[in-house]
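Colleague: Hi! Could you walk me through this one? I'm new to reading structures.

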Amino acid sequence: SIIFFSLQLQITSLVTSSSNAKSFCFGGGCFWAPADKLSGVPGIISTTVGYCGDNDYYTKNNSPPTYEKVCSGRTKLVEAVRVEYDANILSFEDTLKLYAAVNTANWRSKRQYEGIIFTSNEEETVIASNFIKENPQVVTKVEKMSDVFYVAESYHQNYWAKWRTRIPAFVSMLALVAYFGGENSGTLWN
């Protein structure tokens, strides 16, 4: 069983909206876009971005990770997406195909952005390993899921969905400043 921590060190329970809900965690480059792309897929119940892949992190640091600490390269943590899916609709193999479609990792990625399929049991490890052999173009490897999944800060959750609603207002504001801003308004566009 995986332990999930929020940054306030509260253990969050696994709330399932399906009698056959399962979860799958992966690293696939920056976690914002993959989480966003998967959130509307039929059979996907939820996506949560966070950090995993380092069982020793908490004992060494005695505090949950921050985005800044993960970005610093001083941890073995990976930006990860936890996908809760309805196994009545999607199989584990289906989630791997979806992962391949949203994975933006490349072979030069630092640990933070590595392509990793985190598996929870031997059956998943075998399925994921076979998937990689059959799909060598997918930049990924298989690792056993760490004991802890740290939920990322709230501003990372649903990141692109939040920005999609802000961009029109931001562009409108820039246009108004350019129109009414006088002689210095051109500096906004350069």
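Modeller: Happy to! Let's start with the cysteines: a search of the whole structure finds zero disulfides, where a disulfide is a pair of cysteine sulfur atoms within 2.5 Å. Please keep in mind that this is a predicted model, where local features need pLDDT of at least 70, side-chain atom pairs count only at pLDDT 80 or more, and totals for chains, interfaces and linings use all residues. Residues are numbered from 1 along each chain as its sequence is written, and side-chain values use heavy atoms, with hydrogens and water left out.

Colleague: OK, zooming out. How many helices and strands does the protein have?

Modeller: There are six helices and seven strands. Both are DSSP runs numbered from the N terminus: helices are H or I with at least four residues, strands are E with at least two. Starting at the N terminus, the order is β-β-α-β-α-α-β-α-β-α-β-β-α.

Colleague: What share of the residues is buried?

Modeller: Of the 190 residues in the protein, 43% are buried. The accessible surface comes to about 10,600 Å², and carbon and sulfur atoms hold 55% of that. Those areas come from the Shrake-Rupley method with a 1.4 Å probe, and for residues only the protein chains shown count as cover.

Colleague: How confident is the predictor overall, then?

Modeller: The average pLDDT is 81, and 72% of the residues score at least 70. pLDDT is the predictor's confidence in each residue, from 0 to 100.

Colleague: Which elements have the lowest and highest mean pLDDT?

Modeller: Strand β1 (residues 3-5) has the lowest, 41, and helix α5 (residues 122-134) has the highest, 98. Over residues 1-17 the pLDDT is below 50, although this stretch has 36 contacts in the model beyond near neighbours in sequence. Contact means heavy atoms within 4.5 Å. Where pLDDT is low, the predicted coordinates should not be read in detail.

Colleague: Got it. Can we look inside helix α5? Where does T125 sit, and what does T125 touch?

Modeller: T125 is in helix α5. Apart from neighbours within four places in sequence, T125 is in contact with T119 and V142. T125 is partly exposed, with a relative accessible area of 23%.

Colleague: New topic: aromatics. How many pairs are there?

Modeller: The count is nine aromatic pairs. One of them is F24 with F26, a tilted pair at 5.7 Å centre to centre and 35° between the planes. The rule is that rings of Phe, Tyr and Trp (its six-membered ring) pair if their centres lie within 6.5 Å; planes under 30 degrees apart count as stacked, over 60 as edge-to-face and the rest as tilted.

Colleague: Are F24 and F26 buried or exposed?

Modeller: F24 is buried, with a relative accessible area of 3%, and F26 is buried too, at 0%. Together with F92 and Y99, F24 and F26 form one aromatic cluster.

Colleague: Now some loops. Where is E114?

Modeller: E114 sits in the loop between α4 (92-102) and β5 (115-119). Its relative accessible area is 19%, so E114 is buried. The side chains of E114 and R111 are joined by a polar contact of 3.0 Å. A polar contact is a pair of N or O atoms within 3.5 Å; within protein, one must be able to donate a hydrogen and the other to accept it, and residues adjacent in sequence count only if both atoms are side-chain atoms.

Colleague: And T75?

Modeller: T75 is in the loop between α3 (67-71) and β4 (78-86), and T75 is buried at 12% relative accessibility. A polar atom of the T75 side chain lies 3.1 Å from the backbone nitrogen of L77.

Key: Buried means under 20% relative accessible area, exposed over 50%, partly exposed in between (1.4 Å probe, protein chains only).
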